Every structure is written in structure tokens, then in C-alpha cells.
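Here's a walk through a two-letter set of chain labels and the geometry behind them.

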Amino acid sequence: MQETMFVDPQRCIGCRSCVAACRECSTHKGYSMIFVDFFDRGETTATMPTICMHCAEPTCAQVCPADAIKQNEDGIVMTALKPRCLDCRNCVNACPFGVPKYNSAMHLQMKCDMCYDRSSEGLKPMCASVCPTGALTFGKYEDVVPLRRTKPVNIHYFGNQKVETKVYLMMPTNQGDAVHVEGDTEFEEHLSQKAGEEASWLENEMGETDHTNEFRS
Amino acid sequence: MESTPAPQKLSYRNPTIIGLISSVVLTALVIIGSRNLENFDSALFGYTIASIVAFGAIAFRYAVWLQRPATRIYFKRGLQLFFNRRKFAKSAKSAATSIATNLVEQRFIFKRARQRWIMHFFIMWGCILAAAITFPLVFGWVHFTLEGDMGYRAHLFGFPLIVMNGRSLIAWITFHGLDISAVMVMIGCAIAIHRRLNDRGAIALQQFLLDFVPHLLLIAISVSGIMLTASSLWFEGYMYSFISLSHQALVIMTLFFLPFGKLFHIVQRPASVGVELYQNRSAEMEQAICPRCKAAFVGKLWMDDLKRLVDELGYDYRLKNGHTLQDYCPRCKRVMRGLAYAKAPDKAEPVFFGSRVGGPNV
């Protein structure tokens with residue numbers, strides 16, 4: 001499969017079409033595996049769409065005690081094999097991107113598999129097929145990149161750790177070839193103030209109170 | 001700056017020894033249980049040898065599996081928590097509940113899908129029934145003797161048990177136990193194959209060797225097993241020895257397939273009892289607090305084990321602020337990455353006037 005995903009958070013308008021469409025994927029029917037997070041709703045309207053970045057050396061697969069997470073020949077890191085997954089949640093908390101979800105009652109981890117039922121047949125993943133702004137785009141590198149002024153980057157540094165991914169993040173800059181994540185302190189003060197407060201309905205619906213990635217069954 | 005995960009080193013020495021010891025122990029149990037092979041049915045010799053070899057192979061595979069750093073940590077911690085004297089009663093109760101709900105009732109499969117639960121119910125209980133009947137016979141642990149005109153006496157490890165009337169309902173069920181299990185397995189496998197041929201998600205992900213072969217083997221065993229009954233009951237033993245040999249070959253193939261692929265979950269799945277115990281116990285202990293949002297999201301003991309595991313695997317997620325990336329809850333990890341993205345660009349870049357080439361205000 002030559003196609004991959006290109007994520008451009010600058011284009012994301014937080015409409016959550018991708019979240020709704022993701023539920024239609026046949027490999028995880030009824031459950032959305034994509035995240036659209038507000039940086040801080042009180043401070044900015046900016047949102048961050050997160051799908052699985054499909055790491056070249058996936059940490060989630062390495063930390064799995066049941067050897068349930070496999071990477072296929074297309075470089076897609078698959079959802080945990082159902083007979084094997086023990087619901088240990090190692091993958092959920094080890095993933096540097098905060099992607100895998102789990103459900104305790106089902107004893108199951110699930111994650112974005114780039115809609116493998118569709119993408120393996122050349123169709124766009126559900127999220128890319130509905131995204132109105134192209135924040136989530138599926139296609140070949142040579143087809144997508146020339147159309148964009150943003151710079152495709154598929155290397156992240158989380159502290160000392162380099163993580164190379166199949167999915168590209170479109171950077172609105174020509175400086176640097178990687179994203180460096182170093183535990184940003186932006187909005188932390190605001191967060192601390194809210195820490196003890198009871199969450200509102202909206203915060204719950206927006207997933208802002210979910211700190212564990214458990215999906216509802 | 002960058003760090004590359006170290007490949008996992010596997011040693012086959014200890015697993016080989018464990019596998020060989022397991023086979024030797026089972027051989028000894030066969031000899032002892034069959035009273036020095038006195039009660040051993042030599043017609044089942046092929047099954048016995050295959051079972052002994054497969055048992056060693058499964059023990060070997062299990063020992064290799066335990067060498068995975070993640071598995072090893074869970075295995076040790078699970079045992080440590082279970083045998084903690086002060087909490088032993090609580091742990092035993094937790095384990096008993098997990099065995100009842102996860103392994104017997106399999107509520108988690110029901111939560112995944114009702115049809116999947118029905119499918120698995122038939123296959124699992126069919127296989128368990130068949131194994132419970134077959135292995136004691138194959139190992140010479142159970143045999144029957146004729147008493148009088150109609151009486152059948154069962155013997156367990158050479159000790160006589162009850163006598164039953166050969167024409168009674170209990171006798172009929174006992175002698176047709178394998179036929180009943182074969183029907184159960186076929187129903188389950190039919191549901192599974194129907195799903196695999198029709199479900200879009202399953203079609204995209206399945207592989208012939210991993211997902212179809214086990215079902216085909218189980219169906220072949222069941223059909224050939226029922227053909228044996230049909231041959232002896234209704235066709236005066238027509239082709240009996242050929243069917244018997246085919247059945248034996250299929251069973252041996254399946255036994256040798258156990259350590260690989262999908263069937264390995266039979267021996268792997270009980271580990272979920274230990275995992276659940278660990279989850280329950282760590283939920284009662286001190287919780288790890290996300291340094292950013294201050295939310296308690298997992299047990300601290302559990303998180304420390306995970307960080308040690310990630311480190312052992314050769315990853316280095318230490319951040320400049322002294323924390324490790326795994327200290328943060330999943331949501332904060334996503335937001336922090338978003339903030340890193342948002343702060344990366346030079347705001348003077350023309351790209352901020354439209355991200356599409358040839359767009360407005362270039």
C-alpha cells in the first residue's frame with residue numbers, strides 16, 4: 001500500500017465529522033478510535049486531531065505481554081488480536097501518541113488501523129473521506145505533498161526517543177524535520193485551577209475528562 | 001539524542017529443558033496412571049505419543065512466551081501479589097471470580113458480540129468435553145470392563161468405579177460423548193466460518209493459516225469422528241480402519257498446531273486471571289498522577305512496572321523536565337504533542353496565509 005495519511009492540525013476546525021465517521025469502520029464497528037482534542041477550550045479554539053501514526057517500531061506492540069499487536073506488510077499497526085488481548089492496558093499507556101483505547105468489560109484493546117477494510121482496497125479511511133477541510137487526507141506522498149505548502153514530517157522526538165511513523169504530520173514551517181515533544185507547560189496553570197472542579201456535561205462529551213482512553217461499550 | 005529499541009533476546013535452552021521435562025513427566029504419569037501400561041489401549045498408541053510430544057511443545061512455547069519482558073513482569077508481579085500473605089484471601093477471591101466470569105462464563109466475549117459468544121461457547125465446551133473423554137482414555141487412565149451381560153464398569157487409574165447398564169441412558173450419553181462434542185464443535189465452527197465469509201472487518205483482517213485452518217481442522221476431526229460412529233452403527237464397519245487412520249492423522253495435526261497461531265490462546269488466555277488480579281490490586285494502591293492535568297489515571301505500582309519495561313526494551317522517553325512521557329495520561333500526551341506542533345513554526349512563514357499551493361494571499 002503506497003498511500004498513507006497526512007494530518008494537518010492547522011486545517012482542523014474541530015467539527016468531529018471524523019469522530020462520527022470512524023464508528024462506521026468495519027474493523028471496529030460502532031466505536032470511534034479517533035481523537036479531536038481541544039488544547040484548552042477556555043483559551044483557544046485550536047484542536048488537535050489524533051489518529052494512530054503507525055510507528056515503524058511500535059512501542060505498543062513491544063510492551064504487549066500477549067504479543068497481540070501485529071504490524072502487517074503495509075506497515076499498519078493493527079488492533080490487538082481478539083483471542084489474545086488480556087486487557088492489560090500496557091499499550092494504552094506506553095503509546096507516545098496516546099492512541100490505543102480499551103474496554104475492560106470486553107477485555108479488549110482497539111485502535112485506529114487506518115480503516116484497513118477500506119484502505120487495503122484503495123478506499124479512503126472513513127475519517128479522511130468525511131473531513132471537510134483536508135486536515136485528514138489519505139493518498140500517495142507524490143500526489144498529496146505537491147498540493148500543500150505545509151511540510152510533511154514523519155519523525156517525532158519524545159524527549160530522547162526518536163519515533164518514525166508511516167503517517168505524516170503537515171508542519172506549517174520549513175524549519176526542522178521533526179516534531180519535538182518536551183512536556184509543554186502551556187495552559188498548565190489553568191488546568192491546575194480546574195483540577196478540583198466538577199466536570200460539566202460538555203467537558204464529558206468532548207472527552208476532556210477522559211484520562212484513561214476507555215471506550216464505552 | 002536518539003535511542004533505538006534493543007531487539008529482544010530469546011534463549012531456547014531453558015524452554016527446551018522445560019519442554020523435555022514436561023514430556024517426561026507426562027510419560028511417567030501415563031505409565032503410573034495406566035498401572036504399568038496394563039490398562040493402556042495399544043490401538044491409541046499414536047494419539048499417546050502425539051499428545052506427549054505436543055505437551056512438551058506447548059510447555060516449550062509457553063516458556064519462550066514468558067521470556068517476553070512484558071510477559072515476565074506480569075507473570076512475576078501476578079504471582080507476587082497472589083501469594084502476598086496479608087491479602088491472600090482477597091487475591092484468592094479475586095482470582096476465583098475472574099476464573100468464573102472470564103474462563104467459564106466468558107462474559108467478556110458476550111460483551112464483544114452475542115453471536116461470537118455463542119460460537120465460542122459451542123467450540124470451547126465441545127473441545128473440552130472431547131478432551132475430557134479422549135485424554136484419559138488415550139493415557140490409559142480410564143478403561144471399561146464388561147460385567148455380566150449388560151454391565152459396564154469404568155475404572156479410573158485402575159480403581160473400579162460404578163457399574164452402569166450398557167443399555168441405559170447414561171451409558172448411551174457416555175459412549176456418544178464424542179459424537180455430542182463433535183456436533184457442538186461443528187455448530188460453533190459453522191458460525192465462525194459464516195462470520196468470516198460475510199463480515200467486512202473480518203474479511204479484511206483474517207489470514208487463512210491463522211483464522212481458517214484451525215476451524216477446518218476441528219471440522220475435519222468432528223466429521224471423521226462422526227463417520228466412525230456411522231460406519232460402526234449403520235454400515236457394518238465399512239472403511240472403518242481408513243476413517244480411523246484419517247481421524248488419527250487429523251487429531252495429531254491439530255495437537256501439533258496447538259503451540260502456534262490461534263490455538264495457543266487456549267493456554268495463553270488463563271493469564272488474564274493474573275492480569276485482572278494485578279489491575280484490581282493496583283487500583284486499591286497509590287495512584288499515578290498525571291503531572292499536567294493532576295488526574296489519577298492508573299495504579300502507581302503498575303505505572304512504575306510499565307516504565308521499567310519500556311526502559312528495559314531500549315526506549316528512552318525521558319523528557320527534559322525530569323518526567324517520563326508515560327507519566328502523562330493519554331489525553332495530555334495528545335495535547336502536549338499538539339502544543340509542540342503549534343509552537344514549532346516561525347510565524348513569519350508565508351504558509352500562514354493559506355496552506356495550499358497557489359492559494360490566496362501568496
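Where is Gly166(B) found? Gly166(B) sits in the loop between strand 3 (159-165) and helix 7 (169-175) of chain B. Helices here are DSSP runs of H or I with at least four residues, strands are E runs of at least two, and both are numbered from the N terminus.

Some housekeeping before going on. This is a predicted model, where local features need pLDDT of at least 70 and side-chain atom pairs count only at pLDDT 80 or more, while totals for chains, interfaces and linings use all residues. Residues are numbered from 1 along each chain as its sequence is written, chains are lettered from A and ligands numbered from 1 in the order in which they are written, and side-chain values use heavy atoms, with hydrogens and water left out.

With a relative accessible area of 22%, Gly166(B) is partly exposed; the scale calls a residue buried under 20%, exposed over 50% and partly exposed in between, using a 1.4 Å probe and protein chains only. Gly166(B) and Tyr152(B) are 14 residues apart in sequence, and their C-alpha atoms are 5.9 Å apart in space. Leaving aside neighbours within four places in sequence, Gly166(B) is in contact with Met150(B), Tyr152(B), Ala171(B) and Phe175(B), contact meaning heavy atoms within 4.5 Å.

Now zoom out to chain B as a whole. Chain B has 15 helices and five strands. Its radius of gyration is 28 Å, whereas a compact globule of 362 residues would come in near 21 Å. That radius is taken over C-alpha atoms, and the globule rule is 2.2 Å times the number of residues to the power 0.38. Along its principal axes, the C-alpha trace of chain B spans about 100 × 55 × 35 Å. Buried residues account for 45% of the 362 residues in chain B. Take the contacts in chain B between residues at least 6 apart in sequence, and 59% of them join residues at least 24 apart.

Next up, helix packing. Two packed helices are described by the angle between their axes and the distance between the axes. The axes of helix 3 (residues 69-82) and helix 14 (residues 300-312) of chain B come within 10 Å and cross at roughly 150 degrees. Because of that angle, helix 3 of chain B is roughly antiparallel to helix 14 of chain B. Axes are lines fitted to C-alpha atoms, for helices over the stretch in contact, and angles run from 0 to 180 degrees between N-to-C directions. Under 35 degrees counts as roughly parallel, over 145 as roughly antiparallel, 65 to 115 as roughly perpendicular and the rest as oblique.

Which residues make this contact? Helix 3 of chain B brings Pro69(B), Ala70(B), Arg72(B), Ile73(B), Tyr74(B) and Arg77(B), and helix 14 of chain B brings Leu301(B), Trp302(B), Asp305(B), Arg308(B), Leu309(B) and Glu312(B). By class they split into seven nonpolar, no polar and five charged. Here Ala, Val, Leu, Ile, Met, Phe, Trp, Tyr, Cys and Pro count as nonpolar, Asp, Glu, Lys and Arg as charged, and the others, Gly among them, as polar.

Helix 14 of chain B has another partner to look at: its axis and that of helix 13 (residues 271-284) of chain B come within 7 Å and cross at roughly 120 degrees. That makes helix 13 of chain B oblique to helix 14 of chain B. Tyr278(B), Gln279(B) and Ser282(B) of helix 13 meet Leu301(B), Trp302(B) and Asp305(B) of helix 14.

Then there's the view across the chains. Asn93(A), in helix 3 (residues 90-94) of chain A, is buried at a relative accessible area of 3%. Beyond its neighbours within four places in sequence, Asn93(A) is in contact with residues including Phe297(B), Trp302(B), Leu306(B) and Lys333(B). Gln268(B), found in helix 12 (residues 265-268) of chain B, counts as buried because its relative accessibility is 1%.

Most residues other than glycine have a negative phi. Asn36(B), however, has a positive phi near 60 degrees, and Asn36(B) is exposed at 67% relative accessible area. Glu236(B) also has a positive phi, about 55 degrees, and is exposed at 80%.
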